[in-house]
Every structure is written in C-alpha cells, then in structure tokens.
Amino acid sequence: MHPLSRYRETEKEKHVDTPSYRHTVASESSADLARALEEATSKGRMRPAVLALADGTVFFGRACGASGEAIGEICFNTSLEGYLEIITDPSYAGQIVALTYPQIGNYGVALADAQAAHPALRGLVVADLCVEPSNWRSDLSLGEYLRIEGVIGVEGIDTRALVRRIRSTGAQAAVISTMDLDPESLRAKAQAAPSIAGENLVRSASCEMPRRFVPDVRAHAFAQAPASPARHRVVAYHCGVKRSILEGLARAGCEVTVVPWDMPADDVAAMKPDGVFLSNGPGDPDAVKETYIQVERLIGRVPVFGICLGHQMVSLAAGAAMEKLKFGHRGGNHPVMNLVTGRVEITAQNHGFGLVFPSLGPLVPELSGGASDHVGDLRFWSRRRIAPVVENERFGRIRLTHVNLNDGTCEGIAMLDHPCFSVQYHPEASPGPTDAHYLFTAFMRLMDGDEAYLGIDSAADRLGEWSFTQDTEAFHA
C-alpha cells in the first residue's frame with residue numbers, strides 16, 4: 001500500500017478528527033511520501049553532505065562520491081564539458097573544485113580521457129550529478145568513478161551563489177564532509193586549514209624516474225589525424241603534466257622523455273635534447289625553487305617552451321615576481337590576444353598565480369611603441385596592437401606576447417636573445433578549444449631555428465590534428 005494511502009486508512013479506522021492529529025498525519029504522510037518518491041528515482045536515497053567555507057558560508061547538499069571529509073582551497077571552473085579531464089588534472093592538487101555547468105556526468109566517464117592515473121583534487125562540488133549517462137564511449141558513471149577513486153563529492157549546491165561568493169571574497173579554504181554535518185564544527189576546520197601558498201605540491205604530482213612517453217594512438221583515433229613523424233627529441237619536466245599535453249607534443253613530431261620536476265640541468269643537457277618543455281602543475285610557483293633554478297641554467301643552452309606552471313618557472317628563472325590571483329583563471333573560455341599576430345584565441349586555463357610583468361625589467365621604449373612606463377592593465381598593449389619589450393638583467397630582452405582580455409594579466413612572454421617562450425594557459429583541448437594548438441607548432445619551429453616561430457595563423461592551425469573521420473572500421477580494427 002502507498003504510504004499516504006496507509007495513513008488515510010488508519011485515520012478512517014480510528015475515526016480521529018482532531019486538528020492536531022490531522023496535522024501530525026499530514027506531516028508524517030508528506031515525509032513518508034517524499035522518502036518513497038526519492039527512493040523511486042534513479043538516484044535513490046542520498047546521504048547528506050555539507051560544504052563550509054573559511055569565511056563562514058555554509059552550503060547543504062547531498063553526497064555524490066566517496067564518504068569522508070576533504071579540506072582544500074575552493075575554486076571554480078567554468079568549462080561546459082571535460083569534467084573528467086578537469087577531475088584528473090594534477091594541477092588541481094590541494095583544491096576542492098566547483099563546476100559551474102548545471103549538470104555534470106551526463107556523458108559518463110571514458111577512462112581513455114583521464115589525464116592522470118588518479119585524481120589529485122581533494123573534492124568536487126556540482127549542482128546536479130547525472131547517474132545514468134548516455135555515451136557510446138562511457139565506461140562507467142561519474143558517481144561510480146568518484147567512489148572508486150575515493151573523491152568526496154557534494155551535489156545539490158547552488159553553484160551560482162558559491163561562485164559569486166568566491167569572486168567576492170577570493171580564494172579561501174573549505175571543507176566538504178559527509179560525516180560531520182555540524183556547520184560550526186566545519187567552519188572551524190576550514191578556518192584552521194593551512195593555505196596552499198608556500199606549499200610545494202609539485203613534489204607529489206611529479207614522477208620519480210625518467211621515462212619515455214609512448215602516446216596512445218588508438219584512444220582518439222576516431223577523431224584525430226595521424227601523428228607527425230618524430231623529428232625532434234624533447235625532455236619534458238613533469239611538474240604535474242596532463243597526458244594530453246604530452247600527446248600534443250608527440251603528435252606535433254616530438255620524441256618525448258619525461259623527467260622529474262627537480263632533475264639537474266646538467267643531466268638534462270647530457271641527454272642532448274633538441275628542446276626542453278616545462279609542464280603545467282599545481283600550487284604556488286615560488287615553492288618550486290628546484291625547478292626554476294634548473295630552468296635558469298637551461299635557458300640559452302637549449303630551446304625552452306613552458307606552459308602554465310612552466311611559464312611561471314621561466315618567469316621566476318628571469319627573476320620576476322609572482323602574484324596570487326584573487327580567484328584564479330579556470331575554464332575553457334578565456335580570451336587571450338597574441339600581440340605578435342593580433343589574433344584572439346579562446347583558451348583553456350587552470351592557475352591561481354600569475355606573473356607580474358613589470359617585475360621582469362624596465363621597458364625598452366624603441367621596442368615598445370615609445371612607451372617608457374609600465375601599466376597595470378596589460379590590455380593597454382592589446383588596444384594599441386603593440387608587443388612591448390623589457391630589458392631583463394639575466395636574459396636580456398623579453399617581449400610580452402599574450403594578454404588576457406578579461407582582466408589584463410600577462411598570458412605569455414618570449415625571450416628575444418634566447419630561444420625561449422612560455423604561455424600561462426594550456427595549448428591542448430582537454431578540455432577546451434583548439435585555438436592554441438599552434439603553440440606546439442611554434443615550439444617545433446623554434447627548435448628548427450625559425451626566428452618568427454610565433455607568427456602563425458592560429459585559425460588555420462587549430463584543426464590540424466583533427467580528422468573527425470567517419471571511417472569507424474579502422475578505429476575498431
């Protein structure tokens with residue numbers, strides 16, 4: 001018998017008609033009916049979970065991953081897709097990630113898309129987690145994946161309100177719990193949590209020994225064109241690199257050897273590479289001194305290309321200063337102008353720290369449109385279509401090559417007296433747009449000795465590695 005019907009029959013049998021009894025029956029009936037309806041849904045009964053921020057804000061939701069408690073820095077990502085790539089990006093070590101797209105998990109989990117063997121983030125926050133995915137590539141649901149990997153998740157949170165809070169108050173510690181549901185207790189835990197500033201998270205995200213990277217040519221054979229033949233040997237510093245970035249290098253024509261984050265520069269040079277790549281990675285760049293010291297020793301000896309944390313390593317090697325951004329750049333829709341070509345590209349980003357461009361040195365007026373004074377908002381240069389140059393004490397002339405059009409921060413630099421350039425964002429589409437794919441091509445041209453290596457039509461290059469073939473017979477062979 002349906003719960004509500006049972007209560008109605010009980011009332012009739014007892015012939016009770018007092019207002020207090022009718023109110024009690026109605027309340028119990030409603031609760032029982034709600035439980036019955038919840039159990040009949042695809043998600044079934046769900047455990048409660050709570051998210052508390054260090055500023056005292058508390059959100060009540062439902063558990064959608066592993067049981068337990070997680071403490072980390074709360075951040076948000078605005079990407080519309082690619083949740084598995086985000087969850088498995090080692091750059092999220094030490095963080096709780098809130099995804100702003102309303103429904104997450106609707107195409108399931110294709111393990112071939114994972115960027116690392118296991119997730120490094122500490123927790124996941126979503127508005128709604130889909131439990132019945134639909135996708136021919138899916139191996140399991142996202143909820144199942146989170147439970148298997150021990151990632152604590154919470155859904156049913158108003159992610160819009162959460163993002164507004166982070167944007168207003170800035171990056172801060174947070175705690176997710178499915179065990180302790182007391183708001184005051186959780187607030188205290190979040191307030192007592194240490195900051196990730198000053199913490200070296202790269203040490204745990206890197207590898208222990210050098211290894212040759214072998215790309216999985218079949219993983220995305222249904223959409224990708226054949227890789228270019230290998231013609232350059234590249235050593236890649238593993239600071240928390242995503243698998244797809246290594247595959248981007250390999251597909252561009254690089255034979256890639258991955259080395260630990262702190263491998264001495266002389267050992268790298270002894271491998272006689274044609275170029276050195278500096279990967280993305282988590283946390284505070286100032287805490288990764290062992291890497292940027294090696295980078296300082298490598299610049300001028302071999303062509304260098306850095307992305308994200310690698311860009312910060314190049315900047316620190318040049319003696320520049322870093323700043324912690326209020327809430328960081330995370331998502332697949334950040335507009336960046338290439339000042340060399342004038343092209344605007346939509347980029348994928350994931351970082352909470354950035355280069356203070358004026359700290360690289362004074363402007364060279366004759367190479368900066370006559371300007372001699374630095375500006376705080378670098379969109380000044382994008383409006384004038386000028387790529388300014390500074391004089392750096394360690395490495396000579398350095399050009400500002402890329403600017404974020406959302407907030408005017410530095411997104412890329414290139415050394416004019418040494419073969420070295422770097423960008424603050426990710427050049428591969430995992431997840432994100434393909435606009436920045438040309439940077440892999442630029443690295444190849446740099447190793448070829450082409451001085452105009454950044455002068456590439458990104459619109460023509462962006463789909464160079466994709467075929468989107470309809471020939472599934474070759475894929476399934």
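Lys324, leaving aside its neighbours within four places in sequence, is in contact (heavy atoms within 4.5 Å) with Glu73, Ala171, Gly352 and Phe353. This is a predicted model, in which local features need pLDDT of at least 70 and side-chain atom pairs count only at pLDDT 80 or more, while totals for chains, interfaces and linings use all residues. Residues are numbered from 1 along each chain as its sequence is written, and side-chain values use heavy atoms, with hydrogens and water left out.

**Around Lys324**

- Lys324 has its place in strand E15, which covers residues 321-338; helices (H or I, at least four residues) and strands (E, at least two) are DSSP runs, numbered from the N terminus.
- With a relative accessible area of 34%, Lys324 is partly exposed, a term for values between buried (under 20% relative accessible area) and exposed (over 50%), with a 1.4 Å probe and protein chains only.
- The side chains of Lys324 and Glu73 make a polar contact of 3.0 Å, that is, a pair of N or O atoms within 3.5 Å, where within protein one must be able to donate a hydrogen and the other to accept it, and residues adjacent in sequence count only if both atoms are side-chain atoms.
- Gly354 lies 30 residues from Lys324 in sequence, and the two are 6.5 Å apart in space, C-alpha to C-alpha.

**Around His402**

- His402 is found in strand E18, residues 396-404, and is buried, with a relative accessible area of 0%.
- Polar contacts join the side chain of His402 to that of Tyr438 at 2.9 Å and to that of Tyr425 at 3.4 Å.
- Not counting residues up to four places away in sequence, the residues that His402 touches include Val336, Met337, Asn338, Glu345 and Cys410.

**Strand E8 and its partners**

- Strand E8 (residues 152-155) is covered on both faces, with Ile152 and Val154 buried on one side and Gly153 and Glu155 buried on the other.
- Strand E2 (residues 58-63) runs antiparallel to E8 and is joined to it by two bridges, and two strands pair if DSSP finds at least two bridges between them; Arg62 has Glu155 in E8 as its bridge partner.
- Strand E6 (residues 123-125) runs parallel to E8, with three bridges joining them, and Val125 stands opposite Val154 in E8.

**The chain overall**

- The chain holds 15 helices and 20 strands, and buried residues make up 54% of its 477 residues.
- Among contacts between residues at least 6 apart in sequence, 73% join residues at least 24 apart.
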